[in-house]
Amino acid sequence: MKKLKFLAAAVAVVTVAGIFSSCSSAETNNTPAETGVETERVQAEAVYSTEEIFGSFNGAFLKEYLKEQDSFVISPLSAKLALSMAAAGADSGSATEKELLDLFGYGTKEDMLADCGRITAELGSSKTISTANSAWLSDRLKGLNDGYSDTLKKAFSAERFTENLSSDGFVKKLNKWVDKNTKGIIPQLLNSPLSEDARLALVNALYFKNEWVWKFDKQSTNDRDFNGKSGTVQVPTMYMVEHLQYGEGKRFKSVTLPYTDGSYMRVYLPLDENAKIADLIAEMSIDELNAEFETAYDEKKVVLSMPKFECESGGSLLEMLERLGVREAFNPGAASFGGITDDKDVILYISEIIQAAKIICDEDGTEAAAATMVTMDGGAMPVEEELVEFIVDRPFLYEIKTASGETLFMGVMQDINT
């Protein structure tokens with residue numbers, strides 16, 4: 001029996017449009033979405049305070065996404081790298097810079113660039129995880145300033161291209177770049193050209209392929225009940241008994257499934273078997289939710305029953321990020337990205353952010369992909385021990401993390417389609 005493989009990819013595109021832009025349009029191959037942001041939209045107050053969000057992006061992202069979709073997969077790291085490339089060009093001391101730094105918990109732009117440089121280098125040297133960044137300049141833009149170009153190269157190792165972003169040729173070249181850097185998992189990100197007002201596309205591709213340390217046996221897979229939000233269905237369910245890291249917080253219990261390089265998947269179930277996971281997450285504060293992600297773990301002999309599942313999701317993140325406090329960056333009249341270009345004929349702002357993702361998990365492996373487009377326009381005698389049952393027969397939360405703790409993917413499954 002071969003070990004399970006996990007394949008993952010994420011793509012982030014940041015497209016920058018000028019202040020005089022009308023709403024532009026762009027689509028992913030999974031989820032078409034309208035692009036552009038109206039001035040009055042950014043006047044809405046954020047739901048969370050800066051103190052609540054600072055350093056808590058993953059929990060906030062999860063809570064917000066769950067308001068819009070029952071079952072989903074998202075890539076916080078892809079979103080962070082894409083938006084950080086844009087934040088690198090925000091004017092120092094501006095509200096635009098502050099809200100983007102606060103979103104990811106950075107005190108200064110230097111902190112952000114150092115961390116992004118660390119992440120890029122770490123993933124670049126990994127045999128199981130890779131990342132690639134690129135900057136696609138509109139041929140209508142008079143170029144990037146030298147400081148910003150150096151930052152993209154040093155902190156993000158970004159390639160640079162100049163194209164007509166509103167042309168079919170750009171769509172083909174971008175999709176080819178994405179296809180190459182996600183190893184074919186995302187062969188097509190854009191279906192149509194960007195608006196004529198688009199001035200810059202910043203793209204991140206994230207790819208992960210690994211093997212489980214412990215494997216599921218196909219012979220042990222059987223149809224079992226999954227009590228989802230929409231009702232009980234019979235689904236193919238995998239099974240193993242193994243020594244795993246097990247933890248219990250105040251609201252969730254979880255197990256850790258390690259990969260061979262130290263990265264891992266965690267699966268979370270509410271301790272209260274009658275609790276509705278969406279309601280539970282909604283009523284928890286971001287701090288309470290993040291505390292569950294930091295639960296202490298002990299090695300236990302676990303009876304693990306886990307369904308095979310497949311999920312894809314996607315859509316605009318604009319309103320979600322507005323509720324998380326990002327408003328100036330989306331406002332044509334207030335955004336401050338003067339660090340990107342010396343072109344005095346255009347004032348840049350972020351006009352759309354879209355993420356689409358897909359995950360497939362079965363005995364032979366887990367395959368996942370995400371795309372984010374930010375339009376800126378031992379042999380001892382066995383010992384008797386207590387068994388811990390972890391039966392995933394109801395809605396669950398999951399996350400995929402690197403050995404250093406970066407969250408590659410996370411999501412919730414409330415229903416499983418058979």
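**Figure 1. Lys 308 lies in the loop that joins strands β12 (298–307) and β13 (309–316).** Helices (H or I, at least four residues) and strands (E, at least two) are DSSP runs, numbered from the N terminus. The model is predicted: local features need pLDDT of at least 70, side-chain atom pairs count only at pLDDT 80 or more, and totals for chains, interfaces and linings use all residues. Residues are numbered from 1 along each chain as its sequence is written, and side-chain values use heavy atoms, with hydrogens and water left out. Lys 308 has a relative accessible area of 26% and is therefore partly exposed; this class lies between buried, under 20%, and exposed, over 50% (1.4 Å probe, protein chains only). Val 235 is 73 residues away from Lys 308 in sequence, yet the two C-alpha atoms are 7.4 Å apart in space.

**Figure 2. Met 306 is one of the residues that touch the most other members of the largest nonpolar core.** A nonpolar core is a set of buried Ala, Val, Leu, Ile, Met, Phe, Trp, Tyr and Cys residues joined through side-chain atoms within 4.5 Å. This core has 109 residues, and Leu 304, Leu 321, Phe 337, Ile 350 and Phe 396 also belong to the group with the most such neighbours. Helix α3 (residues 76–87) gives the most to the core, with eight residues. Contacts of Met 306 (heavy atoms within 4.5 Å) include Phe 216, Met 238, Leu 257 and Val 392, not counting residues up to four places away in sequence. A second, separate core has 20 residues, among them Trp 136, Leu 174, Ala 198 and Tyr 207.

**Figure 3. Helix α6 (residues 146–156) has buried residues that include Tyr 148, Leu 152 and Phe 156.** Ser 149, Thr 151 and Ala 155 of α6 are buried as well. Seen down the axis of α6, the buried residues fall within an arc of 160°, so they line one face of the helix; the arc is that of the directions from the helix axis to the C-beta atoms. Asp 146, Lys 153 and Lys 154 are exposed on the other side of α6. The cover over the buried residues includes helices α3 and α5 (109–124), together with strands β5 (129–138), β6 (159–163) and β7 (198–211).

**Figure 4. Asn 145 caps the N-terminal end of helix α6.** A side-chain oxygen of Asn 145 lies 3.2 Å from the backbone nitrogen of Gly 147. Ser 157 follows α6 and has a positive phi, near 50°.

Notes:
A polar contact is a pair of N or O atoms within 3.5 Å; within protein, one must be able to donate a hydrogen and the other to accept it, and residues adjacent in sequence count only if both atoms are side-chain atoms.
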